[in-house]
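The entries below follow the order in which I looked things up.

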Amino acid sequence: MRLGLTTAAFYGRMETEDAAERLRTFDVDCAEIFLETYSEYSAAFGALVRERLGGLPSTSVHPMGTAFENSLFSLSARQRLEAQKIFEGVLKAGQALGARIYVYHGRHNVKGTGIAANFDSVAPRIGELCDLAADYGITVCFENVSWCQMSTPERVLQVRSAYPKAGFVLDIKQAMQSGHDVSEFISAMGDKLLNVHVCDYDAGGRLFMPGQGTFDFEALGRRLRAVHYEGPVILEPYTTLYSSDEELAQSIAYLRKTMQIASQKCPDRV
């Protein structure tokens with residue numbers, strides 16, 4: 001496993017490229033790049049962020065999917081086409097970054113639309129998007145998100161059946177918010193689990209930095225090793241959860257110790 005940090009940890013405090021430069025100063029093995037807006041969805045911007053990372057590898061790219069991902073399935077052909085151009089811009093940025101994973105939320109649950117259970121009917125469209133991503137060396141990975149399409153372990157299994165080319169991102173706080181144990185998601189995702197997002201929480205569902213809540217990260221590390229998971233574990237905290245770089249560094253150190261993730265220094269890192 002590799003321990004990583006997302007640029008989203010600095011969202012609202014600095015721009016993405018500056019966040020990447022700050023991120024590389026922490027004891028992490030990789031980075032997830034959170035692309036915040038349309039002007040960042042390009043190969044040129046991906047190259048800029050890669051330069052700012054200073055040799056720290058980027059394993060995944062996470063766009064602001066709420067801005068366009070639902071439109072990929074619009075009844076309007078023009079709307080679908082324009083959303084796909086945005087999607088492809090994210091892929092171009094991801095390719096320039098060297099990322100292999102596109103973090104995909106899936107369609108948002110909208111009350112009364114039946115979207116949550118509607119997988120098979122859009123399978124051809126998801127297949128097109130997976131094929132397009134593959135052209136850039138990137139795998140579309142569904143994240144379990146409590147307010148989106150793939151919110152339960154049962155829906156993970158439906159996604160695996162409908163979209164065999166897709167991968168998965170495990171988000172432990174979203175598992176809690178959907179009322180399911182993390183192990184249920186790990187079992188359902190199986191060998192298609194390619195990325196993990198972590199922060200901490202308590203019995204009341206309040207979110208914290210790792211080491212400040214009650215989540216058992218030692219058990220998570222054991223569970224991931226038991227399924228031979230070797231991918232990234234990305235610390236994904238909201239900026240409201242910490243107040244200093246020191247606090248962020250302490251959480252990274254806590255994760256490395258409790259999950260037993262050995263440091264993997266990149267020889268090209270500066």
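**Basis.** I worked from a predicted model, in which local features need pLDDT of at least 70, side-chain atom pairs count only at pLDDT 80 or more, and totals for chains, interfaces and linings use all residues. Residues are numbered from 1 along each chain as its sequence is written, and side-chain values use heavy atoms, with hydrogens and water left out.

**Entry 1: H3 and H4.** I took helices (H or I, at least four residues) and strands (E, at least two) as DSSP runs, numbered from the N terminus. Helix H3 (residues 77-97) packs with helix H4 (residues 123-135) at an angle of about 30°, their axes being 9 Å apart. The axes are lines fitted to C-alpha atoms, for helices over the stretch in contact, and angles run from 0 to 180 degrees between N-to-C directions.

I then listed the contact (heavy atoms within 4.5 Å). From H3, Arg80, Gln84, Phe87, Glu88, Leu91 and Gln95 meet Arg125, Leu129, Leu132, Ala133 and Asp135 of H4. The residues of this contact of H3 with H4 comprise five nonpolar, two polar and four charged (Ala, Val, Leu, Ile, Met, Phe, Trp, Tyr, Cys and Pro count as nonpolar, Asp, Glu, Lys and Arg as charged, and the others, Gly among them, as polar).

**Entry 2: the face of H8.** In helix H8 (residues 217-226), I found Phe217, Leu220, Gly221 and Leu224 to be buried (under 20% relative accessible area; exposed is over 50%, partly exposed in between, with a 1.4 Å probe and protein chains only). Seen down the axis of H8, these buried residues fall within an arc of 100°, so they line one face of the helix. The arc is that of the directions from the helix axis to the C-beta atoms. The partners of the buried residues of H8 include helix H7 (182-189), strand E7 (193-198) and helix H9 (245-258).

**Entry 3: H7 and H8.** The axes of H7 and H8 cross at roughly 15° and come within 11 Å. Val182, Ser183, Ile186 and Ser187 in H7 meet Leu220, Arg223 and Leu224 in H8.

**Entry 4: His62.** I located His62 in strand E3 (residues 58-63). His62 is buried, with a relative accessible area of 5%. Leaving aside neighbours within four places in sequence, the contacts of His62 include Glu32, His105, Glu143, His197 and Glu236.
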